[in-house]
Amino acid sequence: MGLEQVYWTLPIVAYPFISGLIAGSFIVGSLSKIFGQKQYEPLAKLSLLVTLAFILFAPVGPLADSRQPSRWWELYTRAHIPEAPMGLFTIIWTTYVIVVIAEIYLAFRAPLHQLSEVTPGWKGRLYHWLTLGSTGMSEMRLRREHKWLVILAGFGIFLAFAFHGYIGFIFGAIKARPLWHNALMMPMFITSAILSGIALMIIVYSIVFRYFSFHRKVDSALVDGLMKIMIWVLLVDLFLDVVDILNSAPVAYTDQATASGFAEIFLHGPLTGAYWIGQLGLLVVALTLALFRGIRTSPLWASVASFAALISIWFMRYNTVIGGQLQPKVSQGVVLYSPALFGRGSMQIVFGLFMFILFVFSLLLMVFPWDDEATKHRLFHSTQLTNHGEQNRSTNKILEH
Amino acid sequence: MAEDDVHVEQNNARQMGNQESRREFLKQALKVGGVVGIATVIGGPVGAVKALASTETKQNATDGSATNWEGWEDPQLNVNDGWNNWDKILNPDNLPIYHDHFDEIKKVKPKHHWVMVIDLRKCVGCQSCTVACKSENNIPIGYYRTWVDVAEIGSTLQTSLGNTVTANGTYEQQIKIRNIPKLCNHCDNPPCVTVCPVKATFKRADGPVLVDPRLCIGCGTCVNACPYDARYINPISHTADKCTLCVERIDEGLLPACVTTCVGRARIFGDLNDPTSEVSKLLASNPVQVRKPEMGTDPQVFYIGLNGEISTENDPEAENLIYTYTMNTNSTAYQQLAGKSLLK
């Protein structure tokens with residue numbers, strides 16, 4: 001026994017946050033493929049890159065928090081499945097990484113191959129290398145690739161639910177912590193994951209298409225559509241929060257440990273502001289903003305509303321991970337915790353984590369042809385230069401496809 | 001048409017310019033790539049070797065919180081003496097071990113079933129067991145495998161017939177002091193073992209719940225999952241650590257250190273499979289309780305006289321933990337206990 005303390009610190013707060021963004025952005029990217037919402041097509045490629053950038057760093061949080069991260073391979077060689085939630089999570093994460101990389105390969109192979117033919121120098125060779133030397137461009141091949149893309153996206157949505165549901169279960173399975181041991185953990189984490197993913201995609205789409213795309217234009221109808229989906233997810237998230245409060249706050253409805261823990265931590269304790277203002281207040285702010293048509297169609301204001309939702313989700317992760325551990329198991333009172341600025345489990349680690357993600361995402365944006373319009377334009381001009389009208393037509397056909 | 005030609009020319013000119021800057025960029029990229037590559041070539045094997053050698057636990061210097069700890073690094077205590085030989089320490093007879101499906105244990109009919117009975121009527125709260133455990137197992141400063149919580153129950157009442165007379169009035173003290181030795185319960189259904197993602201912790205067929213420090217990744221899930229706060233992260237080995245029931249002693253036929261040292265013989269250790277053992281007789285002739293039975297963990301440390309007066313509720317009216325090793329100084333209870341002004 002050590003002193004009653006917070007064992008899982010800030011990197012573990014970042015862990016479900018980042019994982020939620022993965023699950024959500026992947027689902028947004030699949031809207032056009034699985035749910036047939038063709039207007040979200042411009043998001044498909046971009047969201048795949050967002051998903052990849054975040055998924056590579058999803059396990060960094062728990063590894064940064066664990067004391068022997070160099071033994072990570074034991075997670076594979078001595079995997080404890082299905083009993084240990086963390087063990088199963090490792091397997092789901094690995095599968096997910098493979099699926100996302102396969103999706104990216106299938107989605108980008110054709111344009112990468114075309115670009116490799118018209119781009120001189122090392123960049124062309126890089127493109128060629130990224131296609132793994134596959135040059136087939138026949139109609140049937142492309143159709144087959146698209147079919148596999150759809151199948152993988154469907155499997156990926158299943159994985160997104162499993163992935164984030166299991167993170168909820170890592171906490172929900174721990175009966176020693178009354179505030180964690182809650183059947184609502186899984187649905188709450190899944191809903192907030194989708195919510196944060198949509199919010200992130202609204203912000204990323206607005207920034208990337210406004211400043212880095214070919215036309216430098218954000219489609220406000222698309223933002224409006226995403227915001228409308230976000231309203232529904234927000235409502236479900238708020239509903240689950242209310243159910244959670246009813247489940248854990250009133251002494252009459254719950255067991256003594258949960259009720260007193262909730263009261264001491266969230267009603268009149270160290271996380272009262274983080275819960276009622278940070279988690280619930282910002283959610284209501286985001287919902288209120290999203291109800292106005294003017295805000296929904298303005299990329300700037302939609303991003304502000306989405307940012308409020310993202311901060312609210314961050315507070316939700318913080319309240320869950322840290323709040324659950326503030327309740328002592330054998331001692332009395334409430335453990336107090338304030339995150340360290342530097343060192344193990346500190347804000348520095350979390351900041352570095354997000355900067356790494358931003359770096360990798362920028363790198364991916366530079367390499368992969370995520371902007372269909374820019375690709376079309378480049379192919380069009382190079383074919384004009386070399387006078388290959390026929391290739392130009394086939395290019396357009398492929399991109400429409 | 002003319003416009004198109006101009007456009008093409010501009011494009012060509014731009015491409016020529018681009019070629020220059022690209023070459024520069026390529027040079028720089030190669031330079032950076034070379035540095036990164038060399039670092040990977042050198043750092044990879046070094047990291048791998050370091051990782052492979054991580055069981056040697058050389059990380060003392062990195063953790064300032066516990067610098068004065070002799071033990072696993074002591075050159076006098078080498079593997080040939082059985083020190084640091086975890087196979088020998090944890091399971092010398094290669095008993096079956098369990099990471100889940102604990103109900104299977106009964107089927108293998110283990111020779112022993114080690115349990116501990118704590119007779120609270122005899123505990124005087126001297127903390128000898130705490131000291132003996134720390135000494136026997138070399139526990140780092142600030143961490144405990146066993147400890148004795150001292151709680152005060154009841155209150156001082158102002159009555160006319162009280163036996164405590166002061167200038168301010170007459171009082172009657174209706175106060176009881178309860179000493180509760182606490183340790184790992186070596187549960188028959190341990191949640192800490194089930195949640196381990198790398199199967200580093202296990203339950204041995206004869207009872208003890210143990211951690212293999214060569215496998216533990218220090219993720220802290222088991223520390224959070226234990227309802228009794230019996231686990232901690234060892235700041236020296238950077239792995240989960242806990243009471244082992246002094247497994248290296250009981251395998252040699254000795255008693256656990258805390259049992260040997262108990263002045264009131266409040267701690268009794270023995271084999272539940274042997275009907276003539278003291279623990280079997282005590283359990284047969286006394287009502288016994290376990291801690292937090294509602295958790296369904298089936299604890300194997302039994303208490304005589306734990307009558308539910310003690311809870312962990314933070315209600316000073318009902319009870320006060322007046323002496324405990326578990327309370328963090330950075331907690332509201334400690335601030336109430338010491339008085340906020342005293343802390344400043």
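Start with His186 of chain B. His186(B) sits in the loop between strand S5 (169-183) and helix H4 (191-194) of chain B. Helices and strands here are DSSP runs, numbered from the N terminus: H or I of at least four residues for helices, E of at least two for strands. This is a predicted model, where local features need pLDDT of at least 70, side-chain atom pairs count only at pLDDT 80 or more, and totals for chains, interfaces and linings use all residues. Residues are numbered from 1 along each chain as its sequence is written, chains are lettered from A and ligands numbered from 1 in the order in which they are written, and side-chain values use heavy atoms, with hydrogens and water left out.

Phi of His186(B) is near 45°, a positive value in a residue other than glycine. Most residues other than glycine have a negative phi. Is His186(B) buried or exposed? His186(B) is buried, at a relative accessible area of 3%. Buried means under 20% relative accessible area, exposed means over 50%, and partly exposed is in between, with a 1.4 Å probe and protein chains only.

Now Asn138(B). Its phi is also positive, about 55°, and Asn138(B) is not a glycine. Look for Asn138(B) in the loop between helix H3 (128-137) and strand S3 (146-158) of chain B. Asn138(B) is partly exposed, with a relative accessible area of 27%.

Next, the sheet in chain B. Three strands form an open sheet, in the order S1-S6-S7, and the pairing is antiparallel. Which strands stand at the edges? Strand S1 (97-98) and strand S7 (209-211) do; each has a single partner strand, so one side of each is left without a neighbour in the sheet. Two strands pair if DSSP finds at least two bridges between them. Strand S6 (residues 201-204) of chain B and S7(B) pair over three bridges. Lys203(B) has Val209(B) in S7(B) as its bridge partner.

Over to chain A. Chain A has 16 helices and zero strands. Of its 401 residues, 59% count as buried.

Take two helix pairs. The axes of helix H7 (residues 139-172) and helix H8 (residues 185-211) of chain A come within 8 Å and cross at roughly 135°. Axes are lines fitted to C-alpha atoms, for helices over the stretch in contact, and angles run from 0 to 180 degrees between N-to-C directions. H7(A) and H8(A) are therefore oblique to each other. Angles under 35 degrees count as roughly parallel, over 145 as roughly antiparallel, 65 to 115 as roughly perpendicular and the rest as oblique. On the H7(A) side, the residues that meet H8(A) include Phe161(A), His164(A) and Phe169(A). On the H8(A) side, Met185(A) and Ile190(A) are among them. Contact means heavy atoms within 4.5 Å.

The second pair is H8(A) with helix H13 (residues 299-326) of chain A. Their axes are 8 Å apart, at an angle of about 150°. That makes H8(A) roughly antiparallel to H13(A). Contact residues include Ser192(A) and Leu195(A) of H8(A), and Phe307(A) and Arg317(A) of H13(A).

Last stop: a peptide bond in chain A. From Ile81(A) to Pro82(A) the bond is cis, with omega near 0°. Most peptide bonds are trans. Where is Pro82(A)? Pro82(A) is in the loop between helix H4 (74-77) and helix H5 (85-118) of chain A.
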